[in-house]
Amino acid sequence: MKGTEDTEGTLLRVRDLGITFDSYAGEVQAVRGVSFDLRRGETLAVVGESGSGKSVAVKSLMGLLPRNARITSGTATLGDTDLFALAEKEMRRIRGNRIAMVFQDPMTSLDPTMKIGEQIGESLRTNLGLRGAAVRQRAVELLRQVHIPHPEARLKQYPHQLSGGMRQRVVIAIALAAEPEVLIADEPTTALDVTIQAQVLDLLEDLRRSLGMSIILITHDLGVVARGAHRVVVMYGGKIVETGTARDIFHDPRMPYTWGLLTSIPLPATDSSLELTPISGSPPDPLHPPAGCPYHPRCPHAMKVCLEEMPEHTRFGAEHGAACWLLHPLAPRVEPPPQFGGLR
Ligand SMILES: Nc1ncnc2c1ncn2[C@@H]1O[C@H](COP(=O)(O)OP(=O)(O)OP(=O)(O)O)[C@@H](O)[C@H]1O
């Protein structure tokens with residue numbers, strides 16, 4: 001787990017983001033009033049179960065929403081650039097240069113019919129305007145940067161000739177071509193074997209440090225968060241329910257959904273004598289999100305007010321905050337699972 005000591009300044013600011021999909025069954029409210037900051041040089045993890053809205057929220061920043069999606073509220077600024085005000089052509093320039101993205105399955109990002117060198121070369125020509133020998137030289141340099149041995153030979157190979165881990169390294173190399181300020185990694189290790197997962201996360205951490213970029217790590221896997229994040233945003237039902245440093249979230253979580261997440265999976269730091277308890281019930285239906293706190297139908301501590309009104313985000317310090325009625329001064333005191341400090 002990392003501290004926040006080597007991070008500084010806000011690079012990306014998202015405020016009150018709302019995203020709705022128009023579907024045949026009605027309006028899907030995928031993201032509802034989400035606000036967060038990404039600082040320079042940090043890794044911010046966005047964590048939550050499948051369907052919580054994390055991918056959609058982050059993809060909107062790159063103009064990568066499907067056609068049936070609408071941004072219904074909010075702003076997103078990268079430095080001085082208002083991302084939602086950009087024309088498609090300007091957004092493409094941002095996407096190629098200032099924000100890059102790595103997806104879960106490298107095979108969907110790579111073209112199986114093109115050699116690795118051609119694919120990296122195409123990105124270097126389009127996004128950086130490189131020509132001639134400079135293309136090959138930079139391609140080799142990029143493969144070295146992602147620790148691919150024998151880069152010259154690899155350039156002549158097709159994706160299927162590489163292992164899954166090597167392919168993901170190539171995708172990361174392509175993403176790094178323009179030295180982006182922000183790298184968005186959406187479940188970057190989910191498709192990989194466990195040992196390879198750790199290597200890819202270590203690589204991302206190396207690159208963050210050496211290139212000084214910021215990373216948004218989207219994941220449902222708290223093991224990935226524990227290994228790679230400075231700060232964490234926990235999403236549930238399209239909303240942010242808790243934010244904090246990785247230390248806050250793992251050692252002092254303050255709301256029942258975060259407790260549920262942490263006590264439902266084994267983590268390296270978890271006391272193995274404590275029983276793992278899955279969260280019962282299922283995530284809210286985004287077509288008809290429940291009134292009040294989205295977690296109330298599954299929350300063992302839900303009170304009447306939780307069914308009616310979304311709680312405010314209560315702050316506990318510069319970094320840590322959570323949205324839960326149990327944090328109200330008049331709420332009954334609820335003891336957290338034994339491994340955590342408790343509501344204060
Ligand atoms: N093309 C689409 N049309 C309609 N609804 C969609 C579409 N894409 C996503 N959604 C809805 O938006 C919500 C959020 O999806 P999103 O992919 O952001 O979740 P997630 O937390 O990233 O989960 P996952 O890990 O499964 O991708 C989901 O409820 C999903 O049903």
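Student: What percentages of residues 12–262 are helix and strand, and how far apart are the end C-alpha atoms?

Tutor: The span is 41% helix and 29% strand, and its end C-alpha atoms lie 28 Å apart. Helices (H or I, at least four residues) and strands (E, at least two) are DSSP runs, numbered from the N terminus. The model is predicted: local features need pLDDT of at least 70, side-chain atom pairs count only at pLDDT 80 or more, and totals for chains, interfaces and linings use all residues. Residue numbers start from 1 along each chain as its sequence is written.

Student: What makes 8–98 + 178–327 domain 1?

Tutor: Domain bounds come from an automatic or database domain assignment; here the chain is divided into domain 1 (8–98 + 178–327) and domain 2 (107–177). Their centres, taken over C-alpha atoms, are separated by 30 Å.

Student: How do you know that residues of domain 1 and domain 2 are in contact?

Tutor: Two residues are in contact if their C-beta atoms, placed from the backbone, lie within 7 Å. By that test, 14 residues of domain 1 are in contact with 13 residues of domain 2. Helix 8 (194–211) and helix 2 (88–97) each supply at least two residues of this side of domain 1, and the largest share, five residues, comes from helix 8.

Student: What makes a residue of that side count as nonpolar?

Tutor: Ala, Val, Leu, Ile, Met, Phe, Trp, Tyr, Cys and Pro count as nonpolar, Asp, Glu, Lys and Arg as charged, and the others, Gly among them, as polar. The side of domain 1 that touches domain 2 therefore has 10 nonpolar, three polar and one charged residues.
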